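Have the viewer ready, try each task, and then read the worked solution.

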Amino acid sequence: MNNELYEILRYGILGGSILLILIGLYAALTKRSLIKIIIGLSIVDGGIHLLLIGIGYVKNGTAPIFSPGFENSTANMVDPVPQALVLTAIVIGFAVTAVALSLVIRLYRHHNTLEIDEIKNLKW
Amino acid sequence: MELILNILGAIATIVLAFTVGMSYGGIVRKITARVHNRMGPPWYQNFIDAFKLAGKTTAINHGIMQHFGPAFIMVSSIVSLMIVPVLNGGGWFENLNFGGDLIFLLYIMVFGPLGMALGAGQTGNPNSAIGITRGLSQMVGFEIPWVMALVALMVQFDTTSIVDIMRIQNESGTWMMFSSPFAFIAAVMAMLGMFRYSPFDIVGAPTELASGPVSENGGKYLLTMMSSGSIFAFVKLTLYVDLFMGGADNLIILVLKTFALYMIPVLYGIVSPRYRTEQSIRFFWGWPTFFGLLAILYAVFV
Amino acid sequence: MEMIYLILVLFLGGAVLTWLLGKISPIIRDILFISSVIIPTVLFFMNVEVGHDVSFQVLGYKLSWGISYLAYLFSYIVLGLGSLASVYAVAAMKGKKNLGFFYSNFILSIMSMMGILLSRDLISFFIFWEIMTWSSYLMVVFRGKDVQKVGIKYFVFSAIGAYAMLMAIVIVNSLTNSLLISDLVSSFGSFSLSMKWLIPLLLLIGFAVKSAMMPLHVWAPGAYSNSPMAFTSMFSGALSKMGVYGMIIVMVSLVSYIPNGFWLKETIAWLGGITAVGGTLWAVAQDDAKKLLAYSSVAQLGYIIVGIGIGTPLAMLSALFMAVMHAIFKGNLFLVVGAIERQTGTSNLTEVSGLIRKMPWTFISALFSIIALAGIPPLGGFVGKWMLYESLIGSNHYLLVIVVFFSSTAAFLYSYKFLFGFFLGQEEKEWSHIKEAPAMMVVPMMILAVATFVLGTFPGLVLNPIDNGLQELGFASTQGRYWEMSALFNEWGNQVMLQPLVYAIIAVFLFFAAFLTIKGFKHTRYVTTKDISSSGEVPKEHENLTFSQNFFQPFLRAVEPFMKRRIDTYYSGIGNGLEAIFDFTRRIYTGNGQTYALYAVIFIVVLLMFKNALFGL
Amino acid sequence: MKKLIVILLLAVTGYFMVISFMDLGKDGPVVKNGVKDFYLDKTVSELKVANTITSIVVNFRGFDTLGEVTVLFLAATALGGILYKKRHHVGERSVLFPSSTIVKAGSKLLFPAIILLGVYVFVHGHLSPGGGFQGGTIIATGFLLMLLAYDNFSVSHKVLSYIESFAGIFFVLFGLSGMFMGKTFLENFMPVGNLNDLFSGGIIPIIYILVGFKVAAELTGLIYTVLNEKE
Amino acid sequence: MVGSPVLLIAIPLLAAFLIPLIGMIWKESVRLIPGLVLAFMLVSSASMLLYVTNNSTIIETIAGWQAPWGINLVFSPLTGFLATLMIFLGFIVWLFSYRFKRNVDFEPAKKYFIFLMMLVAGAVGIVITGDIFNQFVFIEITSISAYALTAFYTGRNSAEASFKYLLMGSLSSSALLIAIAIIYSQLGTLNMADIADKMYLMPTGYKITALIFFFMGIGIEAEIFPLNGWAPDAYTEAPGPIGAAFAGIVVKAGVYAMIRLVFTLFDIPNSMQFLVVIGLVTLIVAETSAIKQDKLKRMLAYSSIGQMGLVFVAFGIGTAEGVFAALFLMLNHAIIKPLLFLSGSYLVFNSKEKKISEVNGLGKHMPITSLLFALGAFAIVGLPPFSGFWSKLSVLTAAANEGMILIIALVLIVSVVEIVYYFRVVNRIYFFEKSDNVVVQKPRINAMIAMLILGSIILVIGFDPDIVSIYLHKASHDLMNTREYIDNVLSIGQSLTK
């Protein structure tokens, strides 16, 4: 892999992750449907996971797995730690999303709507 | 022995004050009547009244406070008489005056009205109570210029003693009414209220309220009140003479000076219509207070 | 165990036990209550000596307890009035609900006042101060009337004062690294100029609130009239004196060392004068006896503040003497109102009248107290007033003299209104069944009434301890110069001989009393107050002859311009305005989750935008 | 209006994120001797685990994984709690339209394969990409498929609960037994074997298998709970 | 070694997994076991706290890897103190809610107690862990438990509150992940001590950006303004005891995370000022919002937020005294606010609206509960001789010693506001007439015991604050000595190197 390609890839990953975060935030902040807000939050999560992976990436990197034939490629291996972190983060994100969706079900039961602007019984 | 002499002197003072006060009262009635183009009673009418009252049996009372009210008033009159020096240089009429503290005098002088108020209050006659409220209110009014004048004097001479003030006047030869004119003016204006002649006679309001606080009192009660009032008038006049006119060396001068002073409220009263209470209060807080202020400023800066 | 600990523990334990065991039986409760006031009182006067300090450490702050001569003087007020009021309270409150709570708060407030007097350091001073505040607050709201308005107002003002004080305390701690009052006094000279101004000012705010100085007095009328009278007697008589106590220490020990601190003293004195006038005018306008006395308390405290503000030895002497006297006569007057309220069920001057023959003892004690209050010789009130005037004139405060004199003259009006409204006037049928209050209430009142007389004749009894206290504060001894056992001297050497005067007064009074009585009295016939001649006519039975509405209407009309502006309305305006603002600002919590998320994004954007300004290294 | 504000805010955020993050990791960390090299070294030399990520997830940062499993467990429990209704309110699963025969048949065909794949993935988690989470998820998709295809397909809540609980309990117990064998929590106390053997890496594959079971059971349970929600 | 910090996490986890199993056999166990676990944790934590106060910090490595590489748990005077406090409160809340009338007949009762236990375990984990990503995981454990507990009651607006909480919570975790990513990308490590050790190497730009994202992430948990919109709702709608747990446990964990960042991890001195400013803003906004509240719990919630603001102000003073004061404040708040929530929840037990006006006149009908509420109110506004006074005094003293006179003034002014709204409620309880449609709910005996324990602690600390001051001094010393923390953690690791 040549240098330029690496740069493009790296910028692509990082820029993409930032874009994802912004898109997710936009959805979470402007969409009025609860479901869409949750989708937005998931997109934000995805962006952040991508960001984490992106920072662990090294030039000409290989997966950090010592499969037969790759025992000595330590120097080229990508950073395994962010990947492990992302694994954890994904699961946690999934759990939160599940809880969020269940709350949406409850809210729909209670308010008969998914509009966030109309769910304002608690204020001030 | 000295004590007995003192007591005798005190009794003499009281008799003097009683006589002078009563006579003045009679004379004033006469003068007023003449000015109003009436005949009026003789000048000794008050004495006749007094004797008549003394002879009467008191028929009713409304309770213990009414019973002792006149005694309270008498206490006030006599004790203040004891404190005011009657003549220059002491002698027989020095009594209790131990320097004649002005502040003490001010306070003992209100003992009487309070006793009167209590006594009258118990009678249950609403007119008495109304009269008292008016009287007390008016007192608050005229006390201000009066105290201002006194403070001016105290400031000027650095003393609160009447005796000292008299002594200083005699030593310098100038009467206070000339060396401290504003104080004198304020004090005289306050005096108008103090004697409760018209225009400040709403307290007694002789025609409407049936003589105000003293209604419901007769016989000895009224006698005591009357004589107390006479003594009190004498005390006030003597005090003015002591403070502003250098005191008196003998009784004749005293009588002259006091009579002259006495004419001021009387004559002013004869020609003035009556004020309502709040009007009179406002009156006292107007010019008299202004003169009082001037007096204090004068005393401080001159 | 140190006696001081024992005394405070006894109070505290008494308070708790009274509350807890009081639930068992009222008798146990009453006995516990009285004994837990009396026993520490006796122990205190028997065993506690001036100059014996105990100290210990809490949280690294050194605390020290002991008593000074000045505090000893105030402890007479607190414990003396406290004991009498507690005896009174047992009888007065009989049959009321929640008495355990009342009694234990009563004990707690006595304890806290003693604590204040025993404190030799600022922290324990503040602690006891706050205990005093909340225990008295609980008393104010005890009857459950006007709780939200009066109670909160009292507490908020107290809190403002207390927190001003706390601020001063922590600043002092940071400057001197010590909280002992003596250290503060000794190192005050080395503070910077701004601190020299700030610290006394903050402390003064705290004390001014408790001593109801204008413009911080607005809580007082409501609070005084709202608590049970047995306690108001303490409240006005003793509790407000704690403010005076603190103020004296600050004015003498700190303000004197401020360059140009003279102006502060003048301001305080003038504020005191204004307080006196304002309090008096408002007192005249009241129809409720409690309110009347409450405003009167404000006014009387005004005189004391004037004395403290002037700060000459004679003025201090007068302030302290008036403090003692005020405790006695105002304490007594509140007890009187309590007795009347207990017997008649109302304290409104326009409703009750003609009780003199129903409650003669109450009347006598009220009469004595009123005479003392009005400052009329020969009772004790005069002595303080006299010294105040002398000191005012002596220190060239001529206008202030006028102000004070005006207020004290106007005080006659409400004094008379009080006596007339309750005791004199028509004896209405409505009140014909009224009986004298029980002996347990009358005796404390009579003791206080006698005290006004004794102190008027022998002011030296109190002037002596006051002199000790003043010497401790650094004044030259006034002993032998200004007073003797029975004579008062002013600075020019004038004197008022009290004893001959008293004798003269008694003699004249007896003479005329005899004159009026002998021969006459037997024959006089007692008639009811209905039996009067009104303008020559005898009124009918059904005519209303009670004069009590608009009592001083002419006077009030005259002073109307002064009374138009009520500082109270300004405060409530500020309070309501603030609440409205807060009500508006809390709308940032819109209730919309998305908005909250937006806030979070705004938060981070703002931080990112200004990150260099905020966190730049 | 609101959208405009949001866009503006996000533009600013984006700007700052771009200037902050674009160079992230460009030259690697400023600290060259980070934990990464240590992990890469030890996973081979001591743990004998081929997949470094697995060794990190299960061993080096095993505590995180325990927490993660707990989070999942809590989410599953929370779902039950949040959507709880009194018994008589629970109705039949809602079916909008019945699935076609093709789907039904295909699902039946695919289901064992999916399960097998899942099991493979988590059993070989320490050797190849994959692991307990991934495998568990795959298995759960299998159940999802069946649930979608068959209206009446049901899984026993009780069994799921047993699996969930036992897996969790054993995870913790393994951790504790490391401690009681005189070492530390979650420390390997079993022989590590050889690199790239199926039975290597000590307790790592065992824990990952437990995680696999747990994840599979929990996800299935989650799906089942939500599906049973009826309006 | 007197105990093992890891057990504080492992045992509740084990119990959480066990409860569903045992619950099938023995119903009562779902209520009982969490209590036993909390009691065990309390004993263990307290004995460890005694140990670390007199000896050295306990540092436990996980999975046998030394400090920078593996995850480690740090049980220092500071973390131990906070952990013990949280566990104690967890136990109190458990005791209070054991057979709480509302959940006794419900199937979710088992879930309630699991969540409660996990809430405590998660919060303890946040405090004692020495690894930022691990902290993130524990924050999530705590949050999910909190979401579930907030939404516990169906039929109220609790789902709405929970959803808001969740929305903010996921923003928080996103921000945290970004911050962790930045840190890791620069320093290549996740261990707190290691990060603190190497922080000076990090480029300033990244450092500040990471700090900002941390502020946002943890600020949401620590309820700083303007990130605290969720908090009043969550406090209001959660069951009463859970409100207590939030105020006493969750927020405290958030505050700990925040100060660990500011004091230990980052070496940005201005962040102290930032704490002061944000703390003041939080304090003022929250307290002024509370004054017009007509719902009891919501008022308490705002008060709680305000108190956290004050805690931040105290930490922001930045001296050992300030830290001491802040910790003292946290301690007192953790005792008093739960008491208020617990007693308050009984005062408005049977009311639908939970309005303040519904507590009118309850003083006569439920004397002890009312008394305890009043005690709490007196203590929280800082009236002596109750415990709140000493902490307020410490804060002010610390601020004064740094010359922050304006701050003292502001804090005191806000205290007046606090007095107003608390006393309004107390007045209502005691001096108003009870309306007839308010049904009085007498507390159960266990709830009463729980409240009485808290009440007596208030009195004990109030009369003798020195009982706790030694721990607080140790803890503040611990927080201030960053170097010692780093050396402790890293050297213990070295001694265990394989």
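**Exercise 1.** Does Ala374(C) count as buried or exposed, and why?

*Solution.* Before starting, note that this is a predicted model, in which local features need pLDDT of at least 70, side-chain atom pairs count only at pLDDT 80 or more, and totals for chains, interfaces and linings use all residues. Residues are numbered from 1 along each chain as its sequence is written, while chains are lettered from A and ligands numbered from 1 in the order in which they are written.

- Step 1: recall the cut-offs: a residue is buried if 20 or more other C-beta atoms, placed from the backbone, lie within 10 Å of its own, exposed if 12 or fewer, and partly exposed in between.
- Step 2: apply them. Ala374(C) has 24 C-beta neighbours inside 10 Å, so it counts as buried.
- Step 3: locate the residue. Ala374(C) lies in helix H14 (residues 360-374) of chain C; helices are DSSP runs of H or I with at least four residues, strands are runs of E with at least two, and both are numbered from the N terminus.
- Step 4: list its partners, where a contact means C-beta atoms, placed from the backbone, within 7 Å. Leaving out residues up to four places away in sequence, Ala374(C) touches Leu114(B), Gly381(C), Ala411(C), Phe412(C) and Ser415(C).

**Exercise 2.** Which residues form the covered face of strand E2 in chain C, and how does E2(C) run relative to E1(C)?

*Solution.* 

- Step 1: sort the strand, residues 61-65, by face. Tyr61(C), Leu63(C) and Trp65(C) are on the covered side, and Lys62(C) and Ser64(C) on the uncovered one.
- Step 2: look at the pairing, which requires at least two DSSP bridges between strands. E1(C), residues 54-58, is joined to E2(C) by five bridges, and the two run antiparallel.
- Step 3: pick out one opposing pair: Val54(C) faces Trp65(C).
- Step 4: inspect the turn. The hairpin has two residues between its strands, and Leu59(C) has a positive phi near 50°.

**Exercise 3.** How far do helices H3(C) and H4(B) reach, and how many of their residues are buried?

*Solution.* 

- Step 1: the expected span is 1.5 Å times one less than the number of residues.
- Step 2: H3(C), residues 69-92, has 24 residues and reaches 34 Å from first to last C-alpha, close to the expected 34 Å. H4(B), residues 102-123, has 22 residues and reaches 33 Å, close to the expected 32 Å.
- Step 3: in H3(C), 20 of the 24 residues are buried, so this helix is largely enclosed by the rest of the structure. In H4(B), 22 of 22 residues are buried.

**Exercise 4.** Which pair of chains shares the most contacts, and which classes of residue does chain C turn towards chain D?

*Solution.* 

- Step 1: seven pairs of chains are in contact, and chains B and C share the most contacts.
- Step 2: six residues of chain C contact four residues of chain D. The chain C side has six nonpolar, no polar and no charged residues. Here Ala, Val, Leu, Ile, Met, Phe, Trp, Tyr, Cys and Pro count as nonpolar, Asp, Glu, Lys and Arg as charged, and the others, Gly among them, as polar.
- Step 3: check pairs without contact. Chains A and B do not touch, with their nearest C-alpha atoms 55 Å apart; for chains B and E, the closest C-alpha atoms lie 40 Å apart.

Note on methods:
Contact = placed C-beta atoms within 7 Å.
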